[in-house]
Amino acid sequence: MAENNTDTSTLCLFDVDGTLTAARQKVTPGMSEFLTKLRQRVRVGVVGGSDLAKIKEQLGDDVTERVDYVFAENGLVAYRYGQLHSVQSIQAYLGEDLLQEFINFCLDYLAKIKLPKKRGTFIEFRNGMLNVSPIGRSCSQQERIEFFELDKKEHIREKFVSVLQKEFAGRGLAFSIGGQISFDVFPEGWDKRYCLGIVEKDSYQTIHFFGDKTNPGGNDYEIFSDPRTVGHTVTSPEDTQHICQELFFS
């Protein structure tokens, strides 16, 4: 990476779904080219709730080489300058007893709710979090969209999270609704702010964050509102590009 014209005191961190790509879709060539151009101006990183495999599906297998930081699972799997930096484990942190109690409760709840469609992979176990999907992650793209529209009206995920917050109050768990079909569960403090503890050590003067789920309860809210970042709410990948164009190229 050329250093001559790069402002190494500024970092831009981007959410993935709804910010760099449409939900669970591949990055467009135009956005990919724009990120390459932006990296010539400032440092660039991505932070997503998904695991690294899913981020690579969307942003390319070489994403850890094409940006300065890749934070999968909110930064619990972290790559810095193309090298694996650190990995955290929810299993080791919470213990098997609490994990099984939580998973069993979720499966029982899911068995009792009626939806127009249910598919498979209702709970996905990741390094640093659990991802819970009422419809199931193996749904088709069309089924994903249908569930998302239904969820907007009936608040299926919001009600589920509310029940879990009451049932597991005081147990050190946090919940975050993001994307279209699921929500994340992780130890308190392991939201997207987790990645800030890594980049802080690189002494940036300004850290910009761009995300679409920046309202309270959304999975971008904590990092968006953190005093260490300058938060930007975006409505689409095109909006992300437009805001960056104004900030760094005008």
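Two strands count as paired if DSSP finds at least two bridges between them. By that criterion β4 and strand β5 (residues 83-87) pair, with 4 bridges joining them in the antiparallel sense. The model is predicted.

- Strand β3 (residues 69-72) and strand β4 (residues 77-80) are antiparallel and pair over 4 bridges.
- In this pairing Ala72 stands opposite Val77 of β4.
- The hairpin of β3 and β4 has 4 residues between the strands, and Glu73 takes a positive phi near 50° there.
- The hairpin of β4 and β5 has 2 residues between its strands, and in it Tyr81 has a positive phi near 50°.

**Nonpolar cores**

- The largest nonpolar core holds 31 residues, of which Phe102, Phe160, Leu164, Phe175, Phe183 and Val185 touch the most other members.
- At least two residues of this core come from each of α4 (90-94), α5, β7 (130-132), α6 (141-154), α7 (156-167), β8 (173-178) and β9 (182-187).
- The largest contribution to this core is that of α5, with 6 residues.
- Another core, of 27 residues, lies apart from it and includes Phe34, Val44, Val70 and Val77.
- Leaving out residues up to four places away in sequence, Phe183 touches Leu130, Asn131, Val132, Arg157, Phe160, Val161, Leu164, Phe175, Ser176 and Ile177.

**Helix α7**

- With 12 residues, α7 reaches 17 Å from its first C-alpha to its last, close to the 16 Å expected at 1.5 Å a residue.
- Its buried residues are Ile156, Arg157, Phe160, Val161 and Leu164.
- Viewed down the axis of α7, these buried residues fall within an arc of 125°, so they line one face of the helix.
- An α-helix has 3.6 residues a turn, so residues three or four places apart point the same way.
- The cover over the buried residues of α7 includes α5, β7, α6, β8 and β9.

**Helix α1**

- Met31, Ser32, Phe34, Leu35 and Leu38 are the buried residues of α1.
- Because they cover an arc of only 160° around the axis, they sit on the same side of α1.
- The exposed residues Pro29 and Glu33 are carried on the face of α1 turned away from its buried side.
- Packed against the buried residues of α1 are β1 (7-14), β2, α3 (63-66) and α10 (237-248).

**Tyr109**

- Tyr109 belongs to helix α5 (residues 96-112).
- Its relative accessibility is 19%, and because buried means under 20%, Tyr109 counts as buried.
- Setting aside neighbours within four places in sequence, Tyr109 is in contact with Lys159, Phe160 and Val163.
- Tyr109 and Phe160 are 51 residues apart along the chain, and their C-alpha atoms are separated by 8.2 Å.

**Arg39**

- Arg39 sits in the loop between α1 (29-38) and β2 (42-47).
- Arg39 has 15% relative accessibility and therefore counts as buried.
- The side chains of Arg39 and Asp68 are joined by a polar contact of 3.0 Å.
- A polar atom of the Arg39 side chain also lies 3.3 Å from the backbone oxygen of Arg66.

Key
Residues are numbered from 1 along each chain as its sequence is written. This is a predicted model: local features need pLDDT of at least 70, side-chain atom pairs count only at pLDDT 80 or more; totals for chains, interfaces and linings use all residues. Side-chain values use heavy atoms; hydrogens and water are left out. Buried means under 20% relative accessible area, exposed over 50%, partly exposed in between (1.4 Å probe, protein chains only). Contact means heavy atoms within 4.5 Å. A nonpolar core is a set of buried Ala, Val, Leu, Ile, Met, Phe, Trp, Tyr and Cys residues joined through side-chain atoms within 4.5 Å. A polar contact is a pair of N or O atoms within 3.5 Å; within protein, one must be able to donate a hydrogen and the other to accept it, and residues adjacent in sequence count only if both atoms are side-chain atoms. The expected span of a helix is 1.5 Å times one less than its number of residues. The arc is that of the directions from the helix axis to the C-beta atoms.
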